[in-house]
Amino acid sequence: MRRFVFTLFGLALANGSAAEVSFQKEVWPVLKRHCVACHGDKKAKGGLRMDQVAALLKGGETGALFKAGHPDDSLLISQVSGEKPEMPENEPPLSAAKVRLLRDWVAQGAKIDGEPKTLLPPVSIPSVYATAPAVSSVSISPDGKLGAAACRSEVVLFSVEDETQLRRLPTDFDLVTHVTFSPDGKLLAVAGGSPQQFGGLIVFDPASGKKLSDRHFGTDTFFKGAFAPDGQSIALGSATGAIYLIPLDPATAPKLIDLHSDWVMDVAFTPDGKQLVSGSRDKTTKLSSVEDLHLLRSVDQSAEGINAVAADGLTAISGGNARALVGYDFKLALTGISVTGSGNGAQPITNKDKYLRAFEAQAGAVLALATSGDRKLLAVATRAAEVRIYQTDTRARKTALAKVPAPVLSVALNQDGSRLVLGSKSGQVQVWDTASGKLLKTLNPVPVQETATAAK
Ligand code: HEC
């Protein structure tokens, strides 16, 4: 059979009827998308790099990657073909059309018609920004002493109490979407990625700024998420519609909970670490089991996308573009529920009026939520120029921080809720004392050109 196919190829070539495959335009994008994360400058699994022509021609530990004109004798083809293709490792196999393309290219002599071109410009981090980048995520250490702010592709660590030199931590992400200190404050997890390329998670030691691990996952970027209460893993929403449960130990593979039909914007753990609340652009808020990795219940379907979620021991909370902040009593929402089907095909909502726990009306779309480490306080950022703080048990408003630089894209509270950090679209970071409602400091985490700021 193989021989037959190959002969047909020979014929087609001889007749000059097979379209010439371009390495640069067709083959390289396939390698870049599916292979280079493990076979590139960061990692060269099996001794193989595919991001440079010389390395591609050299091959890996086993030898040449291909034999020009002989696809059936080429590792490149055998590794991606068959019942259960070896490569890409632990990922869905290449489509038949892509395998065919690689085959045709080798069969036609594996000609290199140009250097690999990167589809997107590589991430560059300016030493001084022309305009202040939006602060996409913030975090504060449990003791309230150290803050972290995400600006485009980098994270900046700062001291809450004094003007100590800021530390800038670069990443290779197009956008850092989430930063969070571990529950013991000893680690800083930085998540994000590049759209339609990869989701990334980097763990830093905040004391030294040292990178402890740096991993790429899947084919699309991560959004927001949370550390598990035991600090051993982190849950992140993904643009693929899945929740990634990623153990901090880089030797352990991530687990996926595939529930949503659109971007998962945020994920929160219950304080016992057993359940997850997730909110998605698909407008649903869902509860799932960490142990079984399956849906427990779709608790709500909003009129608009959900941007943020949170949880205390009794209630799951979600908010989004519908300008509503809603609580869901876990116990009642999960009583007597037997889930049939998964994802959006799960149980219809029946006792919703019994488990809904409404908060007061919100002044604008809810953009971000944060609970204190002890889960007693909930901070809510909306499009309006105030951040409200609620008691989670009574859902009563405790205070509102006024005249914040709206829109605030991210908020964080420390362990006892005494300090709040917020990050604004305008590029500012602020630290507030929640008891007195006083602004403690405002900072611009990254250097910005004076003239550009003045011109704005
Ligand atoms: C998630 C990581 C990952 C991805 C993605 C991946 N590989 Fe690999 N690849 C590996 C690992 C690990 C090895 C070495 C272990 C082994 O040989 O089984 C390897 C080995 C290989 C080898 C053998 C190298 C040698 O000389 O021994 C080939 C060929 C290969 N990969 C091709 C590909 C191709 C083609 C793609 C894209 C379609 C790809 N790989 C994507 C992880 C990956």
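Two points on conventions. Residues are numbered from 1 along each chain, following the sequence as written. Since the model is predicted, local features need pLDDT of at least 70 and side-chain atom pairs count only at pLDDT 80 or more, while totals for chains, interfaces and linings use all residues.

I will start with confidence. pLDDT is the predictor's confidence in each residue, on a scale from 0 to 100. For this protein the mean pLDDT is 90, and 90% of the residues reach 70 or more. A contact means that the C-beta atoms of two residues, placed from the backbone, lie within 7 Å. Residues 452-456 also have a pLDDT below 50, with 5 contacts in the model beyond near neighbours in sequence.

Next, the domains. Their bounds come from an automatic or database domain assignment. Domain 1 covers 2-107 and domain 2 covers 135-455. Taken over C-alpha atoms, the centres of domain 1 and domain 2 are 41 Å apart.

Now the ligand. How many residues surround the ligand? There are 24, and the closest are Cys35, Cys38, Lys45, Gly46 and Gly60. Helix 4, residues 75-80, gives the most to the shell, with 4 residues. Helices (H or I, at least four residues) and strands (E, at least two) are DSSP runs, numbered from the N terminus.

Leaving aside neighbours within four places in sequence, leucine 75 is in contact with Thr62, Leu65 and Phe66. Leucine 75 and alanine 324 are 249 residues apart in sequence, and 55 Å apart in space from C-alpha to C-alpha.

On to the core. A nonpolar core is a set of buried Ala, Val, Leu, Ile, Met, Phe, Trp, Tyr and Cys residues joined through C-beta atoms within 7 Å. The largest one has 118 residues, and Leu369, Ala379 and Val411 have the most contacts inside it. This core draws at least three residues from each of domain 1 and domain 2. Not counting residues up to four places away in sequence, leucine 369 touches Ala308, Val309, Ala310, Ile317, Gly319, Leu378, Ala379 and Val380.

Then some backbone details. Methionine 87 and proline 88 are joined by a cis peptide bond, with omega about -10°. Proline 88 is in the loop between helix 4 and helix 5 (96-107). The peptide bond from alanine 406 to proline 407 is also cis, and proline 407 lies in the loop between strand 24 (397-402) and strand 25 (408-413).

Lysine 283 is not a glycine, yet its phi is positive, about 80°. Its place is the loop between strand 14 (275-280) and strand 15 (284-289). Leucine 293 has a positive phi near 55° and sits in the loop between strand 15 and strand 16 (294-301). With 15 C-beta neighbours inside 10 Å, leucine 293 counts as partly exposed.

Last, two loop residues. Aspartate 174 lies between strand 4 (167-170) and strand 5 (175-181). Aspartate 174 is buried, because 21 other C-beta atoms lie within 10 Å. Its contacts, apart from neighbours within four places in sequence, are Val123, Ser153, Gly193, Ser194 and Pro195. Glutamate 163, in the loop between strand 3 (154-159) and strand 4, is exposed, with 9 other C-beta atoms within 10 Å. Glutamate 163 and leucine 443 are 280 residues apart in sequence but 9.7 Å apart in space, C-alpha to C-alpha.

Note on methods. A residue is near a molecule or strand if its C-beta atom, placed from the backbone, lies within 6 Å of it. A residue is buried if 20 or more other C-beta atoms lie within 10 Å of its own, exposed if 12 or fewer, and partly exposed in between; C-beta atoms are placed from the backbone.
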